[in-house]
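Subject: Structure handover

Hello,

Here is the structure for you to look at. My notes on it follow below.

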Amino acid sequence: MRLAQLNRVWQSLFLLFMLLISTALFAEGAADAAQKLRAQLIDLNTLDTAFIQTVYATEGDLLQQTSGQLQAARPGQVRWETAPPMEQLIVSDGTTLWLFDPDLEQVTVRSFSNDLSRTPAVLFIGDLAALEQTYQVSVEHGQLSVFTLIPLTDDNLYEKLTLSFAGKKPTGMKLWDGLGQRTEIEFSNTELNCQLSPELFTFIPPEGVDILRDDL
């Protein structure tokens, strides 16, 4: 169960990460909503934010809530660390991805690119034509700017996702999966384009932990 939860966190995180820091998301001739989202993301090179992630059942019951810190830097570097009692760590240097569960004393090592190919995030680093063939993009402006992406095919991990901004800062993300579950990620104390240490994006497994290699 813990590994399944860690994989779910990774799927949510990867999609969020690629939305936030991909430079190849859009091309000329983008639809108006896509152009507006591009304007939100184009100057974003690093991100450092606290988060609260909450998962709800189809009926709206609370299934799980975790909190922690997210750091991301272009290209392909990310660190997602959740606090106890659900302590978990995901680290990528752009080539290798490590998923560490301290309670299980287990590290799963994956290829960053292989994981990308198995997630809908691949659509967000391709050209705009590929994105528009798969997702309908819309935006609503109010106190927050909320961008909604709805897949046009049936083979996506999520049925719908939204990404919210206050000015240039991302404030949260919501994802609905095929089972009707909803994942909400709220950000706070967010810093954009700040200096991040390269050491944040490297990982050396602690001595004595089990190391599982997946698709390397």
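This is a predicted model, in which local features need pLDDT of at least 70, side-chain atom pairs count only at pLDDT 80 or more, and totals for chains, interfaces and linings use all residues. Residues are numbered from 1 along each chain as its sequence is written, and side-chain values use heavy atoms, with hydrogens and water left out.

Confidence comes first. The protein chain has an average pLDDT of 78 (the predictor's confidence in each residue, from 0 to 100). A score of at least 70 is reached by 73% of the residues. The highest confidence in the chain is in β11, at 93, and the lowest is in helix α4 (residues 128-134), at a mean of 52. Helices (H or I, at least four residues) and strands (E, at least two) are DSSP runs, numbered from the N terminus.

Two stretches need a note. Residues 23-30 stay under 50 in pLDDT, and the model gives them 20 contacts beyond four places in sequence (contact: heavy atoms within 4.5 Å). Residues 115-129 are also below 50, with 45 contacts in the model beyond near neighbours in sequence.

The largest nonpolar core has 21 residues. Such a core is a set of buried Ala, Val, Leu, Ile, Met, Phe, Trp, Tyr and Cys residues joined through side-chain atoms within 4.5 Å. Buried means under 20% relative accessible area, exposed over 50%, and partly exposed in between (1.4 Å probe, protein chains only). Leu-70 and Ile-185 have the most contacts inside this core. Strand β9 (residues 158-166) gives the most to it, four residues. A second, separate core has eight residues, among them Trp-98 and Phe-203.

β9 also pairs with β8, antiparallel, over five bridges (strands pair if DSSP finds at least two bridges between them). Val-146 has Ser-164 in β9 as its bridge partner. Strand β8 (residues 145-151) is mostly covered, with five of its seven residues buried.

Pro-84 and Pro-85 are joined by a cis peptide bond, with omega about 10°. Pro-85 sits in the loop between β3 (77-82) and β4 (88-93).

Two residues have positive phi without being glycine. Glu-105 is at about 50°, in the loop between β5 (96-101) and β6 (106-111). Its relative accessible area is 48%, so Glu-105 is partly exposed. Asn-193 is at about 55°, in the loop between β11 (182-192) and β12 (210-214). Asn-193 is partly exposed too, at 42% relative accessibility.

Best wishes
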